[in-house]
Amino acid sequence: MAIDMKWFDEMEARIPHGEVRTRFAPSPTGYMHVGNLRTALYTWLIARHAGGKFILRIEDTDQGRLVADAVDVIYATMRRCGLTWDEGPDVGGPVGPYIQTQRRDLYGKYAQLLIEKGCAYRCFCTEERLEELRRDDPNAKYDRRCLSLTAEEIQAKLDAGEPYVIRQRIPEGSTTFHDAVYGDITVDNAELDDQILIKSDGLPTYNFANVVDDHLMGITHVVRGAEYLSSAPKYNLLYEAFGWEVPTYIHCASVMFNDPATGTVRKMSKRHGDPSYQDLVAQGYLSQAVVNYVALLGWAPHGDIAEQEFFTMDELVKAFEIEGISKSPSAFDMDKLNYFNATYLRELSPEEFAREAQPWIRRTVKNPAYDTAAIAALLQARCEKLSDIPEKVDFFDALPDYDVALFTNKKSKTNGEVSLEMLKQAYPVLEGLGCWSQDAIHDGLVGLAETLSVKNATLMWPVRIAVAGKAVTPGGAVEICRILGKDETLRRMKLGMEKLQ
RNA sequence: GGCCCGGUGGUCAAGCGGCUAAGACACCGCCCUUUCACGGCGGUAACACGGGUUCGAUUCCCGUCCGGGUCACCA
């Protein structure tokens, strides 16, 4: 089995040099974890900050999934978040293909190369035998029985068609690897198992495929979750075995979830029903708000912008330094995300907000006569997320069956009696208005309050309750009357007076 | 359990030997006001613990405790 070195040389020749290259390598699962999104963001930021390339690679070695849709979810999420890629399955690039299942032939050849170098070996041990080993000692590593097979024995087994895996041969000693966030970490190689590189079905394990692909794609900075920290030494050993340059490792502490329902903090996971990026969008969170918030979950700006919290993508690219990544896990806090989203919502122009809000308003406001833009204007400063909207505007279509007790409000100095009087006074004023505009209604009612020598609230409160039937509404009496229209306003006021009789 | 990593208010966090230990969210007051918001002002609240090193430790070292990760023919 001669090795065709020419082929390897050609692969090497394709690798770009002299620029920062990072990659995001998701498995197409159909949704994007918040933690994954953050990893993607940091990876992208490192590339952009350095003026380098950002690559998208799909790790789909897990077959039996409807990959097509899931990959689309990844594309859509990245696009909505502004994470543009320079190379990837759809746009191609110099070191493709960018889908792992399309690269499966590569790995075997590289594993073979490792065998030649004496850094890997075939293992014919059956699953049963391995289980036995574990039964004797749950913590047992592979006992390397197949390492001592002679060339003849191996050939005989090969000829007999015995299935085998290829294992990495971990050398003696200890391994030190450097992480840009965690610093130098040294482990005793005795702790490391002779991990499997190629499975008996011929496909590579995740760890092996990762190393090979990262090298062949010229990745200079590997950004990943801290859950991979303990397998990092094995990566180093693999790079060393190949004689490849080790990329810069950037491990990011995991994202925890601060569950407001239970008050507990735990690792964020879809399994527990913690929100994914898709869930958040469906709940009416803006991508930019989510991205901005997530950027700060485990990273903080330094220097003269250490206190800055709101960033445009351009500002993030400029500010993002690896040194700012934190070592300790951070909890995803819905309250803080709400704050970010509310702020982004308020910064939208009235037109933009109206466009975003429209579908949510229409969930409960079906009457086409009501102006959604006007309603949206009332909502912009009053919701943290778009999904807050439907409940807030439900009184437009149907006046709730409210309790007369609502007419009583201490601060506004109203009770049932006062309210009835106010409505009686306000009714003819509004009825007599020639123009049903915001100003006309406002001036009419404020003028009346002045005439009656009562504070504005004493008059406004009953009117608002009568027309909205709710204690809390977006906007005040004037705005609501204006949107409801004159006829509906008067009708509701009359109903209010009847209730109070 | 072995190994690895981490530990500043409830949460996100700045700090990188000397500070009254920033700032933000949340919370609580007050102001504004046509309810609620928005906005403005103010407040409560932290260096896990014990040893060192040092003139001096939140900062450096060790231990304890606590939390997380990892020990697959899964990624």
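**Note on the predicted model of chain A**

1. Charges. The 56 positive and 73 negative charges of chain A have mean positions that lie 4 Å apart. The model is a predicted one.

2. Secondary structure and overall form. Chain A contains 20 helices and 12 strands. Its radius of gyration is 32 Å, whereas the globule rule gives 23 Å for 501 residues; the value is well over that figure, so chain A is more spread out than a compact globule. The C-alpha trace spans about 110 × 50 × 40 Å along its principal axes.

3. Surface and burial. Of the 501 residues in chain A, 50% are buried. The accessible surface amounts to about 23,600 Å², and carbon and sulfur atoms account for 50% of that area.

4. Contacts along the sequence. Taking contacts in chain A between residues at least 6 apart in sequence, 74% connect residues that are at least 24 apart.

5. Largest nonpolar core. This core has 108 residues, and those touching the most other members are M78, L83, F332, F353, I375, I389 and F396. Helix α2, residues 34–49, supplies the largest share of the core, with nine residues.

6. Surroundings of I389. Which residues is I389 in contact with, leaving aside its neighbours within four places in sequence? They are F353, A357, W360, I361, L379 and C383. F353 is also listed with I389 among the core residues that touch the most other members.

Conventions:
Residues are numbered from 1 along each chain as its sequence is written. Chains are lettered from A and ligands numbered from 1 in the order in which they are written. This is a predicted model: local features need pLDDT of at least 70, side-chain atom pairs count only at pLDDT 80 or more; totals for chains, interfaces and linings use all residues. Side-chain values use heavy atoms; hydrogens and water are left out. Helices (H or I, at least four residues) and strands (E, at least two) are DSSP runs, numbered from the N terminus. The radius of gyration is taken over C-alpha atoms; the globule rule is 2.2 Å times the number of residues to the power 0.38. Buried means under 20% relative accessible area, exposed over 50%, partly exposed in between (1.4 Å probe, protein chains only). Contact means heavy atoms within 4.5 Å. Accessible areas come from the Shrake-Rupley method with a 1.4 Å probe; for residues, only the protein chains shown count as cover. Lys and Arg count as positive and Asp and Glu as negative; His and the chain ends are not counted. The place of a charge is taken as NZ of Lys, CZ of Arg, CG of Asp or CD of Glu. A nonpolar core is a set of buried Ala, Val, Leu, Ile, Met, Phe, Trp, Tyr and Cys residues joined through side-chain atoms within 4.5 Å.
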